[in-house]
Amino acid sequence: MMSKISKKFADMHLRTKLALLVVGTMLLILTVNSVMYIILNGMTQQLDDIYIGNVRLNELEDALDRVENSMAGYLNTKGTDALEEYYRAKQTYEDLLKGLEKEITDNQLKMMERDIYNMSQNYLKVTDGTIEAKRGRNVERYKEMYDSAGKLYSYIKTYITSLNGYRFRGNTESYRVLSSSLGYLEFSSIVSFIIMVFFDIMLVILVTGNITKPLNDLALAADKVSEGNLDDVGVVKVHGRDEVGKVTVAFNQMVSSIPGYLTRLKEGMEKEQLLKEKELMMEAHLKDAHLKYLQAQINPHFLFNTLNAGMQLAMMERADRTSEYISQVAAFFRYNIQENDEVTLAQEIQLVDTYIYILNVRFSGEIHFTKDIESEDLLNIRIPGMILQPLVENSVNYGIRDIERTKKIYLSVYSVDDNICISVMDNGVGMSQELINEVLSGEYKSKGDTENKKGNGVGLNNVMERLRLYFNNTNNFEIISNGRDQGTEVVITVPWTEEHDV
């Protein structure tokens, strides 16, 4: 049984072992302290209960004296202050009487409490009568009642004193018993603390030994490897399946694989010389490719510069609409030839405005374009360049170009939770669910008619792929269409974080 427990403990994670050690020690200390606290608190409560009866009887006796003295004071002075003091003392005495035993019982002490209660009730009636007789100037009656009150007062004092004495003698014996118990508890606490400390030390030694012994074995083997004595290492014993055990298994595998690794390293060094020669050839090809890339940039820059020259010529000839059109076309090409790897949403929407302007010049303003921006703050988000214009171009070419009704494109930007949604929607021919699935899966590209292609080469697949790379493979592209002639909506969901904000 113990061997199974030891084996199970050896297979635990190091974090679990340390947690068990700390939690076990703390629980042990907490349990012992809690038991001692409960016992000590109980004894303290018993000590309080021992003399609580005597304290209450003393308070009752003091209150009785106040009633007697305040009554006598009023009889002597007949003042308002003395009368008020009497009523206050009477109320205090009545409140204390409520704590006395009032039921019939065989217990001698409780019988005395009952007698005190009954006599006190009569006493208070007599004192009230004495006060009333004094206020009514009935001298003979108030003297008679005053004498009766004095006799009852003496009887009550005697009963209280006797009851107090009985209680004190009984409480003294109880106190001796509790005092002896407290001494035993003190001795038990010391013994328990010593046992707890000894057990805690043994527990720490066992647990730390279980953790450190495999580490020591592994450290000795690692020293031999560092000295180059691979033949003397052998296989390090695996004590369990915890982190140290896993590292030991990996260490054994590493040691066994080192000879093979050295052999492969030697072969690799022989091949390295051949690779260097190939590397020189690759550098030559790379320089050649870079030169061709620089040459390929000449044509777009030439076109952009030519458009700028045409715009200036139109301005000189005061052809304002022509100048504006050429300016917009130049702005469109300037945006495309720049390295727009990352732009703001505001820049992308500006490019869409430029693109729609160019199209409406070509098609006589037949495209109705509207925008709805929830907040200007949303436009500061950063996204890859050339994301929205291909979507709008796709809506024009494949959605609304061939419809006879009013051609509409609606762009909206709004926030949902911690995301920003960018929607491009048209009222065109729509898409079937099958076609949507093909586009989203990337299969539609292989079926495309490249000869009749209407786009600019930056299709939906390109947009989806760049969004996926930019936002770490999150699914943030959605196509929605209710079928034929119901239009199409493309929604891009962008996380609104500081990392992608300006």
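Student: How many bridges join S5 to S7?

Tutor: This is a predicted model, in which local features need pLDDT of at least 70 and side-chain atom pairs count only at pLDDT 80 or more, while totals for chains, interfaces and linings use all residues. Residues are numbered from 1 along each chain as its sequence is written, and side-chain values use heavy atoms, with hydrogens and water left out. Strands here are DSSP runs (E, at least two residues), as helices are (H or I, at least four), numbered from the N terminus, and two strands pair if DSSP finds at least two bridges between them. S5 and S7 run antiparallel, and the number of bridges joining them is eight.

Student: Which residue in S7 stands opposite isoleucine 422?

Tutor: Strands of a sheet pair through backbone hydrogen bonds, either parallel or antiparallel. S5 and S7 run antiparallel. Opposite isoleucine 422, the residue in S7 is isoleucine 492.

Student: Why is strand S7 described as largely enclosed by the rest of the structure?

Tutor: Buried means under 20% relative accessible area, exposed over 50%, and partly exposed in between (1.4 Å probe, protein chains only). Strand S7 covers residues 488–495. It is largely enclosed because, of its eight residues, the number buried is six.

Student: Which residue in S7 stands opposite isoleucine 480?

Tutor: S6 and S7 run antiparallel and are joined by four bridges. Opposite isoleucine 480 stands glutamate 489.

Student: What is the phi of aspartate 417?

Tutor: Most residues other than glycine have a negative phi, and most peptide bonds are trans. Aspartate 417 lies in the loop between S4 and S5 and counts as exposed at 74% relative accessibility. Its phi is positive, near 55°.

Student: Is aspartate 485 buried or exposed, or in between?

Tutor: Aspartate 485 is in the loop between S6 and S7. Although not a glycine, aspartate 485 has a positive phi of about 60°. With a relative accessible area of 40%, aspartate 485 is partly exposed.

Student: Which side chain does asparagine 397 join in a polar contact of 2.8 Å?

Tutor: A polar contact is a pair of N or O atoms within 3.5 Å; within protein, one must be able to donate a hydrogen and the other to accept it, and residues adjacent in sequence count only if both atoms are side-chain atoms. Asparagine 397 lies in helix H10 (residues 388–400) and is buried at 5% relative accessibility. The partner side chain is that of arginine 401.

Student: How far apart in space are tyrosine 166 and leucine 109, C-alpha to C-alpha?

Tutor: Tyrosine 166 lies in helix H5 and is partly exposed at 36% relative accessibility. In sequence, tyrosine 166 and leucine 109 are 57 residues apart. In space, their C-alpha atoms are separated by 7.8 Å.

Student: What is the relative accessible area of isoleucine 194?

Tutor: Isoleucine 194 is found in helix H5 (residues 139–226). Isoleucine 194 is exposed, and its relative accessible area is 53%.
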